[in-house]
Amino acid sequence: MTRVEVSLKKLEDRSYTIHIGYKCLDRLCEILSEIPLNSVFVITDRNVEKLWAGKIIALLEKRFPYRGLISVEPGEEQKNLLTIKKLARKLVSMKADRASTIIAVGGGVIGDIAGFLASIFLRGVSFINIPTTLLAQVDSSVGGKTGVDLPEGKNLVGTFYQPVLVFADVDFLSTLPHEEFLNGMSEVIKYGIIMDTEFFTFLESNVEKILEKEPDILIKIVSQSCKLKREIVEKDEKEAGLRRILNFGHTIGHSIEAASNYRIKHGWAVSMGMVAASHLALEYGMTEPEEVKRIENLIDRFGLPVCVPEDLTADEIVQGLTYDKKMVDSKLRWILPTKIGSVNVVEGIKTDDVINVLRRLKGR
Ligand SMILES: NC(=O)c1ccc[n+]([C@@H]2O[C@H](COP(=O)([O-])OP(=O)(O)OC[C@H]3O[C@@H](n4cnc5c(N)ncnc54)[C@H](O)[C@@H]3O)[C@@H](O)[C@H]2O)c1
Ligand SMILES: [Zn+2]
């Protein structure tokens, strides 16, 4: 087992541990037996229910006060307030109380829904996260952001709410569709670019092993990603400043996702966004061509995109930037790489320069 300790010592101690291993479900029982559990409810989606949640429930039933399963249809469409209301009512009908624990078993959608529900149900019940996608293991399960979408935009309603523990078995990834795996890889590559040269080099040396899902290598990339995100979240839990660097590739990425009507998946859009941000950095003399080349090469070797889709215009993409909710005081802050392992937060990037970069990335 690899353990990543996350400490958030402020007014009250909400520190928790992320447990990472391979084929380690038996360890889950030991870990759960160390915390007080009164009544346990599992929230999952129908895909994960068949693949993994059933196995976890079988374990829970043996040794813990397991009270029931709530399964939602898979997909981002479920991440809304109506689902929260339905699930809350279901919990009431199943007699959940303030001493209950909600366990999320699923990807980022389930983690965000169940975490948000746990944070507001009876003004907050205990929450355990068992992430089953790469994206959820390396990103959404770390940092305590929960929430749902509104018709006006993604993640517009939510809370900061920390789980009691996170349990990530990389064996879950064996059933993950390849596309979903790559979706998470885009965030893994991001961590290397923004803050860890050595990790980036490790990724460069292990592309094939990662794609073959070698357990030891998966444990390494999940645990290192959690450690890196942990480092940022510990310093800036509520996104006052530093946490912004996690948004590298996401400024243009979110715009591309939205402009494509979410036809382009998050990880793909973020990859395009990371390449575009790297070219912008080059344009402003902040980085060197060799650094940009390395970033592009790694993204490309994983089969993620390094160019902008032909059917989206640069103007369309740039229009979306204005609505990015990460804007502060109407100023767009760009996260641009200087060299592999470090980024700068920059204001005052000219729209024309962004358009030129996007046009160039389309025509190759
Ligand atoms: N809270 C945060 O800090 C944070 C950070 C990043 C992303 N997110 C959110 O995460 C969500 C995306 O998460 P995601 O990419 O995990 O998507 P997801 O939860 O929709 O999962 C993707 C698909 O994979 C299936 N799946 C899950 N685990 C599986 C497994 N082990 N085997 C086979 N299939 C499996 C799911 O049923 C689903 O169809 C978005 O809503 C995003 O906003 C939140
Ligand atoms: Zn992301």
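**Contacts, metal and helix packing**

Author: Leaving aside neighbours within four places in sequence, Val-354 is in contact with Ile-252, Leu-280, Val-318, Leu-321, Trp-334 and Ile-349. Contact means heavy atoms within 4.5 Å. This is a predicted model, where local features need pLDDT of at least 70 and side-chain atom pairs count only at pLDDT 80 or more, while totals for chains, interfaces and linings use all residues; side-chain values use heavy atoms, with hydrogens and water left out. Residues are numbered from 1 along each chain as its sequence is written, and chains are lettered from A and ligands numbered from 1 in the order in which they are written.

Reader: Is Val-354 buried or exposed?

Author: Val-354 is buried, at 3% relative accessible area. Buried means under 20%, exposed over 50%, partly exposed in between (1.4 Å probe, protein chains only).

Reader: Which helix is Val-354 in?

Author: Val-354 lies in helix α14. Helices are DSSP runs (H or I, at least four residues), numbered from the N terminus.

Reader: How do α13 and α14 pack?

Author: Helix α13 (residues 314-321) and helix α14 (residues 351-362) pack at an angle of about 135°, with axes 9 Å apart. Axes are lines fitted to C-alpha atoms over the stretch in contact, and angles run from 0 to 180 degrees between N-to-C directions. The two helices, α13 and α14, are therefore oblique to each other. Angles under 35 degrees count as roughly parallel, over 145 as roughly antiparallel, 65 to 115 as roughly perpendicular and the rest as oblique.

Reader: Which residues of α13 and α14 make the contact?

Author: From α13, Ala-314, Asp-315, Ile-317, Val-318 and Leu-321; from α14, Thr-351, Val-354, Ile-355, Leu-358 and Arg-359.

Reader: New topic. What coordinates the zinc ion (ligand 2)?

Author: Glu-187 (OE), His-250 (NE2) and His-266 (NE2) do, at 2.0 to 2.1 Å. Donors are N, O and S atoms within 2.8 Å of the metal (3.2 Å for Na, K and Ca); water is not among the atoms, so sites may look incomplete.

Reader: Where do His-250 and His-266 lie?

Author: His-250 is in helix α10 (residues 250-259) and His-266 in helix α11 (residues 266-283), so the pair ties together parts 16 residues apart in sequence. His-250 is buried at 6%. His-266 also counts as buried, at 18% relative accessibility.

Reader: And at what angle do α7 and α9 cross?

Author: The axes of α7 (residues 197-205) and α9 (residues 215-235) come within 12 Å and cross at roughly 155°. That makes α7 roughly antiparallel to α9.
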